[in-house]
Amino acid sequence: MELAYLSILNCMIRFSSFIFYLLWKAFVMVLSFSGRKIFGIFYHAFIVYRERFMNVVPKKPALVSRNIGWMLGLLPAVSASAKLDEEKENKTNLIAEADVLYNEHSYTKLRNLLLQFKAEDNPEILWRLARATYEVAKLSSSPSEQKELDFEAYGYVERALLVDPENFSAHKWMFILLDKKASHEGLKERISQSFVVKKHIERACELNPKDATSFHLLGYWCFSVAELPWLQRQLASTLFATPPVSSYEEALQYFLRGEEVEPNFYSMNLLMLGKTYLRLNNKEKAIAYLTRARDYAIASSEDLEVIY
């Protein structure tokens, strides 16, 4: 009789533990007014109840006090879980807001927003901060300020890659910013970094073969190397036993790959296709792509540069 009473009491405590956990979790998260979160609360509470209580077999009276301990022990775990969920959602919202500001070309506002989080080792924030700082540098009329901002941007993307070496966006922006940093340090440094620069954009293409911009940048590297003046080629020969080499055919391959991944994604890619076909003496295709570049809908200052 006593054992039956203890078993009933034990079941009642397990069920009350579930109800108490559910109410506590809902109270902690209710201020967010998120339907998705409320559903997640109920689902998560059910899973926890099933795992922690339904498998407990009441063999001894001591199980009653153990279940009470479980119920009390849930409190700090619930609070910590709610805090982690809130922090994760805040970061997601921050990144979404940052991308909106970038698409609106509000680079100064974007940089000021992300600077508040520059101390965090979050690669998604860091490479976006590097991108914003690079864009702000382009707006400056002071060469010294441009250099300072470009070096600052390089520091952010370098940190992003240390945190996440497999982040394709960080590799893409390292390609841009390492070359930019080297250009401030002179022609010799820029040529000496050319192999490292290329490795980063090749890695970006490997990590995300659906990113058309990465293929455009790789094609641009090939085109630039194919265009190197004689003097720069001689300098490259003195720096490397095997200096960087490429061809217009290789550049064309990557520009076309970008169009294949995302047709008409970038006016500059259309322009470079036209230029590359000109170098290859294919005037018909050159005119076709140059015409498309000219007629491209203007959405940024780069689109204007293509026309003029």
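Me: Before we start, what are the ground rules for the numbers?
Reply: Residues are numbered from 1 along each chain as its sequence is written, and side-chain values use heavy atoms, with hydrogens and water left out. The model is predicted, so local features need pLDDT of at least 70 and side-chain atom pairs count only at pLDDT 80 or more, while totals for chains, interfaces and linings use all residues.

Me: Let's take cysteines. How many disulfides are there?
Reply: A disulfide is a covalent bond between the sulfur atoms of two cysteines. The test here is a pair of cysteine sulfur atoms within 2.5 Å. By that rule the count is 0.

Me: Now the aromatics. How do I read a ring pair, and how many are in the structure?
Reply: A pair of aromatic rings is described by the distance of the centres and the angle of the planes. Rings of Phe, Tyr and Trp (its six-membered ring) pair if their centres lie within 6.5 Å; planes under 30 degrees apart are stacked, over 60 edge-to-face, and the rest tilted. The structure has 5 aromatic pairs. One of them is Tyr277 with Tyr289: the centres are 5.8 Å apart and the planes sit at 10°, so this pair is stacked.

Me: Which helices does that pair tie together?
Reply: Helices (H or I, at least four residues) and strands (E, at least two) are DSSP runs, numbered from the N terminus. Tyr277 lies in H13 (residues 267-279) and Tyr289 in H14 (residues 283-294), so the pair links parts that are 12 residues apart in sequence. Tyr277 is buried at 7% relative accessible area, and Tyr289 is buried at 16%.

Me: What else can I find around H13 and H14?
Reply: Asn281 sits in the loop between H13 and H14. Phi of Asn281 is near 60°, a positive value in a residue other than glycine, and Asn281 counts as exposed at 65% relative accessibility. Ala286 is in H14 and is buried at 0%.

Me: Where is His105, and what is its phi?
Reply: His105 lies in the loop between H3 (62-103) and H4 (107-115). Phi of His105 is near 65°, again a positive value in a residue other than glycine. At 37% relative accessibility, His105 is partly exposed.

Me: Last one: which charges sit over rings?
Reply: The rule is that NZ of Lys or CZ of Arg is within 6 Å of the ring centre and within 35 degrees of the ring normal. The charged end of Arg131 sits over the ring of Tyr102, 3.6 Å from its centre. Lys181 lies over the face of Tyr154, at 5.1 Å from the ring centre.

Conventions
Buried means under 20% relative accessible area, exposed over 50%, partly exposed in between (1.4 Å probe, protein chains only).
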